[in-house]
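Hi,

Here is the model we talked about, with sequence and coordinates together. Have a look, and my notes on what turned up follow below.

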Amino acid sequence: MNKTLLFCLISASFSAQAANLLPTRGNDQSATRVVSAALPSGDFERKPVSFNWQLDPAAELAAPAPFMAESREYWAQVDASELARGYDIDTTAPGAVIRISPARGATPVAMDKVQVLRNGRAIAQPESFQRQADAKQLQAAGMDISEGSAVLQLAEGNGQGRFQLKLAKASGRYLVHVFEPNSPYTLKAQAARSTLLAGDTLEVNANLGNGQKALGGQMDGMLVSPSGRTVNMTFSAGRGRVQVPMDAASERGLWEVQLFAGTIDKGASIQRDARTAIAIAQPTAKLAGSYQFDAAALRFSLPVQVGAEGRYELRGTLYATAPDGIARPVSQSHSAAWLVPGSRSLSLSFDRSHVPLGYSAPFEMRNLELNDQTRMGKLETRELAAREGKAR
Amino acid sequence: MRYLLLAALAVMSSLCQAQVTGVAFVHGTGNQTDAYNAYWQPTMVNNVRGGLVNPANYVVINCNFEQYMWDSRAAGCLAGQLSTFISSKGITRLIVITHSNGGNVIRWIMSNPTYDSRYPNIISKIVRVNALAPSSAGTPLADATISGNVFESSVGWLLGYKSDAVRQQQQSWMAHYNTNNLYGTSGRPALPKTFRSVVGTDVDSAVWDSDSYCGGYFENVGLETTQLWLNSCSDGFLNCTSQSAAGSVWFYDTSRMAGAEPLSHNQSRRACFGLDSQLRTDMRL
């Protein structure tokens, strides 16, 4: 039996009719309201575009967990006077890498003028640093480091503990960044979600530890917008919380969670700073909650409530039931159109030739997303949005 | 039967003749105006395109990849230059060669076909992307560059504004984009066309070793220092895990380069150790 005939038979078994999307669950994101918003500046596509492609059913799909930041570093702003006297840096392992960057208007760092001291006594080269590079060398290597910066690695023979970093000819402010690639002390941080809507509450798990051993200590953090706006977080038992401002504007780029941890362990001062990225969007549109499935065309049509003019996209994965009864991914479809405020709709079509021979109903639409392409916002997600048809 | 066979052969022949293969060279981070000379250098471009049936079917892209990948000056510019190339040369089979962040820009196009009405035609012509050292999972160097750069209302960013491309290539940012905006990484749907990477695994910068000089000695010296932020397997700018995070690995440098030499991040866009020959051979496949 060829595939076309098979589909005709399947299609005849159920006609296109309206149904509700399956209830949200787990990590689904849903909007409860829509807001109006100005169109961002820029050229945006206005033509409707649809595209789909075949997936290998053997390649399983699984939503990746949010990024786990793992920090062995900290940074501090330091005045020239502190650097001239000798600025204390605490290290927990040999071979710490130190970057000194001048802030706007500060005197560039002359690499040969940087000294490292132990208990007030200077360590002479070559015993002090085992590697040095200036901004020009690092920029040539592709590292977009600020002009006037220097990177130095403490010689491993100097061990660990407290050192003083001294820069005699300094003026202005500097950023001192200490990175300890060999340290067992890490600050791990993971946001509960990687996308949120304005008004949502963000939770972040954070843990300062020595290997597997959790350490206590002080933890601070904040949510930072792409343009530098900050909102402080509160912490309790290693969990940070913050409510995303309702007026969080859609900005180019991602927001960041920035965490700062410190403690004393075995007499050593431990500092760690970590960052991780999340996206925040305004709910400029939402799924109305129902859909219509045209089995003959393998097309899902979904009503969408639009609050702000823009280009909106639906995307989703079609799962079909394999001969062994397991639903597997067979096709990926995207569809976008320019929509004005009001009750609108978008459709997702899948190519029937993408369904392998022997695969059949029930069909499932998974990983459904509604995206605002003009503002780079993820508005709604459904891990399992719809199930259609009965098993043969 | 004989006539049927001849007719079939004629159809096959016309189909084969109708195929026009072209190659596009897509640079990495930077605002390029002469990538042919400044980024790839003529030896690399000319040796690779020499493998085409018609070596004139090539384009060297010049766009502003200091921007976010989706920006009209980045992916929009790339889409424009690829579309012009495809239509002016009648390209039916497009092989795309990217380096570094260029892999992210083409992956944006392949992952977001509805973002721009030019994208579907480009995707339909692509037969594969040979991604040289793609920064698919970002780099700790971008994080190190940005870390501590706070915004102060009186003076702006403490260290000045870092380009959107650098921000984008921080590890947590690329993890976000891979999870939400890009395809081809673990657990995500496959890209609509093949995306395969060449992975650079190490940096040689010994002053007495002539291999250190291919691609520029000065650049390779800096890469030895940047490796302090990276894993033992890296090309001096990217961990091997980042280079192999999307699509499939075509080959690791030491498995195919002359003398089993590694390709540093600067060497993987140059005619070093036979990389150009590998790509040239691929033009006929």
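The largest nonpolar core holds 178 residues, and the members that touch the most others are A:Ile98, A:Ile278, B:Ala24, B:Phe25, B:Leu78 and B:Ile97. Helix H4 of chain B (residues 72-89) gives the largest share of this core, seven residues. Bear in mind that all of this comes from a predicted model.

Leaving out residues up to four places away in sequence, B:Ala24 touches B:Val59, B:Ile61, B:Leu82, B:Phe85, B:Leu94, B:Val96 and B:Ile97.

H4(B) also packs on helix H5 of chain B (residues 102-111), at an angle of about 75° and with the axes 10 Å apart. That angle makes the two helices roughly perpendicular. On the H4(B) side you'll find B:Ala74, B:Ala75, B:Leu78 and B:Ala79, and they meet B:Val105, B:Ile106, B:Trp108 and B:Ile109 of H5(B). By class, this contact has eight nonpolar residues, no polar and no charged.

There's another helix pair in chain B to look at. Helix H3 (residues 42-49) and helix H13 (residues 275-282) of chain B have axes that come within 7 Å and cross at roughly 30°, so H3(B) counts as roughly parallel to H13(B). The crossing is right-handed. Here B:Met44, B:Asn47 and B:Val48 of H3(B) meet B:Asp276, B:Leu279 and B:Arg280 of H13(B), which gives three nonpolar, one polar and two charged residues in the contact.

Now for where the chains meet. On the chain B side 47 residues are in contact with 59 residues of chain A. Helices H7 (140-146), H8 (164-168), H9 (171-180) and H10 (217-226) of chain B each give two or more residues to the side that touches chain A, and the largest share, seven residues, is from H10(B). That side of chain B divides into 22 nonpolar, 19 polar and six charged residues.

Eight of its ten residues are buried, so H9(B) is largely enclosed by the rest of the structure. The buried ones are B:Gln171, B:Ser172, B:Trp173, B:Met174, B:Ala175, B:His176, B:Tyr177 and B:Asn178. They pack against strands S3 (68-71) and S22 (268-281) of chain A, as well as H7 and H8 of chain B.

Over in chain A, is A:Ala308 buried or exposed? A:Ala308 sits in the loop between strand S25 (299-306) and strand S26 (310-321), and it is buried, because 23 other C-beta atoms lie within 10 Å and the cut-off is 20 or more. Setting aside residues up to four places away in sequence, A:Ala308 touches A:Val35, A:Ser36, A:Ala37, A:Thr284 and A:Pro341.

Last, some backbone details in chain A:

- A cis peptide bond links A:Gln125 and A:Pro126, with omega about 5°; A:Pro126 is in the loop between strands S8 (121-123) and S9 (129-134).
- Another cis peptide bond links A:Ala361 and A:Pro362, with omega about -5°; A:Pro362 lies in strand S29 (residues 360-372).
- A:Asn119 is not a glycine but has a positive phi, near 55°. A:Asn119 is exposed, with 8 other C-beta atoms within 10 Å.
- A:Ala237, also not a glycine, has a positive phi of about 50°. A:Ala237 is in the loop between strands S19 (234-236) and S20 (239-243) and is exposed, with 5 other C-beta atoms within 10 Å.

Cheers

Terms used. Residues numbered from 1 in each chain as written. Chains lettered and ligands numbered in written order. Predicted model: local features only at pLDDT ≥ 70, side-chain atom pairs only at ≥ 80, totals over all residues. Contact = placed C-beta atoms within 7 Å. Helix = DSSP H or I, 4+ residues; strand = E, 2+ residues; numbered from the N terminus. Nonpolar A, V, L, I, M, F, W, Y, C, P; charged D, E, K, R; others polar. Core = buried A, V, L, I, M, F, W, Y, C linked by C-beta atoms within 7 Å. Buried ≥ 20, exposed ≤ 12 C-beta atoms within 10 Å, placed from the backbone. Axes fitted to C-alpha atoms, helices over the stretch in contact; angles between N-to-C directions. Parallel < 35°, antiparallel > 145°, perpendicular 65-115°, else oblique. Left-handed = near helix turned anticlockwise from the far one by under 90°.
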